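We will walk from one stop to the next, with a short note on what to look for at each.

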Amino acid sequence: MAADSDPESEVFEITDFTTASEWERFISRVEEVLNDWKLIGCRVGKPPEKGEYTSSSWEETCQEINFADFKFSITHHCLKQESADSEGRDEPEEDAYPLAMQDLLCMNNDFPPRAHCLVRWYGMREFVVISPGANCEAIVSESKCNLLLSSVSIALANTGCHVPLFVQIQQKWRRMYTGECQGPGVRSDFEMVHLRKAPSQYNHLSGLLDIFKNKIGCPLTPLPPINIAIRFTYVLQDWQQCSWPQQPPDFDALLTGEVGGVEFGKLPFGACEDPISELHLATTWPNLTEGIVVDNDVYSDLDPLQAPHWSVRVRKADNPQCLLGEFLMEFFKLCCRKETTEEILGRNSVEEEGKENSDITQALSKLTEPAAVPIHKLSVSNMVHSARKRIRRHRRVEESPLNNDVLNSILLYLFPDAALDKTDCNDVKSTQHSPGGKTEPDKESEDYHLYNQLKSAPCDSLTYRLALCICMVNFHHGGVRAVAHLWQEFVLEMRYRWENNCLIYGLASGPPDLRCCLLHQKLQMLNCCIERKRARDDGRKNTTSDGSRDKNRLGPESTGPPTGPAEVSPGKSWDSWSDSEEEFFECLSDTEEMKEAETDSEKKTANKSKPEGRLQPHGKLTLLNSQEPLYIPVTQEPAPMTEDLLEEQSEVLAKLGTSAEGAHLRARMQSACLLSDMESFKAANPGCSLEDFVRWYSPRDYVEEEVSDEAGQTVVRGELSARMKIPGNMWVEAWETAKATPARRQKRLFDDTKEAEKVLHYLSVQKASDLTRHLLPCVLHAALLKIKEEESTEDIPSVRKALQQLTSHASKLLRYPSPDFKKMEDVINQMSAVEAVVARARSLKAKFGITKGEREEDGDDLERFVSCLLEEPEVSVVGAGRGPAGSIIHKLFVSSQRLADSNDEGFLMDVEAALLAPMEEETGRLGGTDDKKAVPDFPPPAGREILLRTCVPRPAPYSKALPQRLFCVLMRDEFRLAGAFSSDTSFF
């Protein structure tokens, strides 16, 4: 009794059999997903239109579910039908079949060219698929497959979902599915068979009909008619009978004398191989019945020429090798190189290196040593240039990456003015004809101004031509070493032109264009320096030059080459520099003496009140303090600047801070041009006041109004604006400090010598990667123009749309100084893809003989046909085998068959002759043509698809007549049967 009363002995183990198992949780989760997607209940809609499965878009919704620790992905596929969803859902018909069962018998979308495999096999517009997760093993065992199928059946029954639900089993590459669809009193089972080889008894229509009849097991006699749709696909791979339209580039011409204007101004274009690898011809018999056609192991009525419907699709070559794309990609790869020009080109022996470097490093010392040469020839630039020339002279010929002929041709293409007489070098305008000897481009066209969007350079500029040459040299003439060699020669040419006052060919006159790339701006800056230097040198020789400018502060104008009075820019009086020799001496003592001399000169001028540096009277205005006319002075031209100099200047100004002292210093730094103009104004108008200067320089800051004087007469009186009267105004301070100094005796605002040396140094230190980054916008610009030019002859709408998107994308990337390299590579790949589209169009046109001058009406039909082949996945052939396109396709197959037969026969003859030479009768039997069998026009079909449909009662004769369907795929290495078999479940 004591043991029974012990509480420890009364322990009960309770098992809760109401706890859900993992299988039940999985079924519940499937039901939740079906409810969330609102797939419950009857779904009614109109039958799909013909071709709607291909033309309309499909929606996919995906979620992940778990069976214990095994992940599954459940996906809902649905065809978008705008009008169908809104019509039938409100009042569904009672006991209506599910849409999937109705789609089994629909004939409007047999053999869709682009759709999910289940859509092609079962013709359904909506279904759900459960498949293993991405990194999960396949469902291979039979027990697991049955467990999943049972889960699907229970979930459909519990929810009342009428949408078919499939489960993917076996390995994914096999595309094996099993599933079920349930409706009110009906059920369809989806089954599948997949084999490597087709059994011989089922390799034709009659055997497949036997399978279908046995499967449906219809008890009725006679059996209801079976609808048959057949499609045979023939593949054409041999294009040897068709000439490939791409002409290979003439590489030998690159070494001839006409290279410069012919080859180096062009980018290559087109595919190096045929971008169309195969042509697939699908011959279709869409609506047949048993008994109309015979197809068994002995005989077949299915002749492709007699098929009522032909459709064609082309298989594109995977990543065809395209010339333009390769050029761009090889050029782009240079961006990743880290070597300098010296490291790429290498150096001579140690002795020569030390000797030549000593000439350069001792350049400054030689300036101070006693010398018998004239002093004007002793300059840093002359010493460096002469040393560089000696380096070039000592370089061995075999070490030069670029052939001399090629190099000379490139330089002549870049600088056509070099072919002129040296005496005429200074008279060559900076811009002449467009590159490559082409006609001058239309500067009003959209293509010409494309450089504004891409921040490259005009297509008739030196920078644009240099980019094309660098691209060509990198691809054909030695890679990065040849690029470094050409760049070194280019920099030497720039220094030569600076030292010899030769304008740079192919650059527009004026200040640097900030819409262009930085390298183009640097070359324009160097050209401005050459213009200023030439004008100053000419001013020393001719002190009575009549060049001057009309004051216009809205925008500076740069000078042009002073080849005559009409060509001298009105922006400067270059005689003002005739006595400015002091600016070429940097010694401090000399500068101080010159300042004192200028002060004495100003005092004498003020005492004598002698005006200097006048340009012209400013209308009828007179000075306020006297009746002397107000003269516009000769002023200095503002200094041109490139975008990096502007950014550097803005950073310096920003570092001054926001304090009062910083703001004052910032204003003084920005008023250098204002101070220079005030000094010029004072020199031209002795006795003037700040009001006089403002009336000319900024008329809006001088306010005039009519008032009555003491005598009662109306007079006009003026005064400075409110902002000019602010205490500490910079204009007032500058006016007080300004001296009456004409522009010719002022310190230069723009030191062309210093700026030119800075540009030349900037060019000389550029690495191959830096040069590539500078010129990449120009190369992409040229590539876009090339694609536009080639597309204009083909008229491909998709290419035009792609070009617009490419231009927009590239302009956004190139807007920044350092674009994302990965995104730039994507742009180049997209250009290569567009190039391949144009190449495919040309290939198809050549194959269909459009360029051979067919009849006009047939030519138009063929052009439309080819255009559709490029844009659509599959194109119907009008007239099937009897139409213009069909007859050409037939000829292509016949030629391919004849060629293949002749090759096979030739091979057999060679083998026979080698092995059985003594057997003359055997050789004659194989080589003779009397008994040769006729070669068929078409090869054996690469794929056969047979679709069988009927509507019979199952499982009993008194059951409802329900749709039955069997889709058969017969290929060389595949045999597939996809069946949907419906049965009445009301009493079964």
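Two strands count as paired if DSSP finds at least two bridges between them. Helices (H or I, at least four residues) and strands (E, at least two) are DSSP runs, numbered from the N terminus. Before you select anything, note that this is a predicted model, where local features need pLDDT of at least 70, side-chain atom pairs count only at pLDDT 80 or more, and totals for chains, interfaces and linings use all residues. Residues are numbered from 1 along each chain as its sequence is written, and side-chain values use heavy atoms, with hydrogens and water left out.

Select residues 176-183, which make up strand β5. How many of its eight residues are buried (under 20% relative accessible area; exposed is over 50%, partly exposed in between; 1.4 Å probe, protein chains only)? Eight of the eight are. Met176, Thr178, Glu180 and Gln182 point one way from β5, while Tyr177, Gly179, Cys181 and Gly183 point the other way.

Look across from Val167 and you will find its bridge partner in β5, Thr178. The hairpin of β4 and β5 has six residues between the strands, and there Gln170 takes a positive phi near 60 degrees.

On to residues 186-195, strand β6: β5 pairs with β6 in the antiparallel sense over five bridges. Here Gly183 has Val186 as its bridge partner. With two residues between the strands, the hairpin of β5 and β6 includes Gly185, at a positive phi near 80 degrees.

**Stop two: aromatic pairs**

Rings of Phe, Tyr and Trp (its six-membered ring) pair if their centres lie within 6.5 Å; planes under 30 degrees apart count as stacked, over 60 as edge-to-face and the rest as tilted. By this rule there are 27 aromatic pairs. Pick Phe70 and Phe72: this pair is tilted, at 4.9 Å centre to centre and 50 degrees between the planes. Both Phe70 and Phe72 are buried.

Next, select Phe232 and Trp285, whose centres are 5.7 Å apart and whose planes stand at 75 degrees, so the pair is edge-to-face. Phe232 lies in strand β7 (residues 227-236) and Trp285 in strand β8 (residues 276-289), so the contact ties together parts 53 residues apart in sequence.

**Last stop: a cluster**

Finish with Phe681, Phe693, Trp696, Tyr697, Trp731 and Trp735, which form one aromatic cluster.
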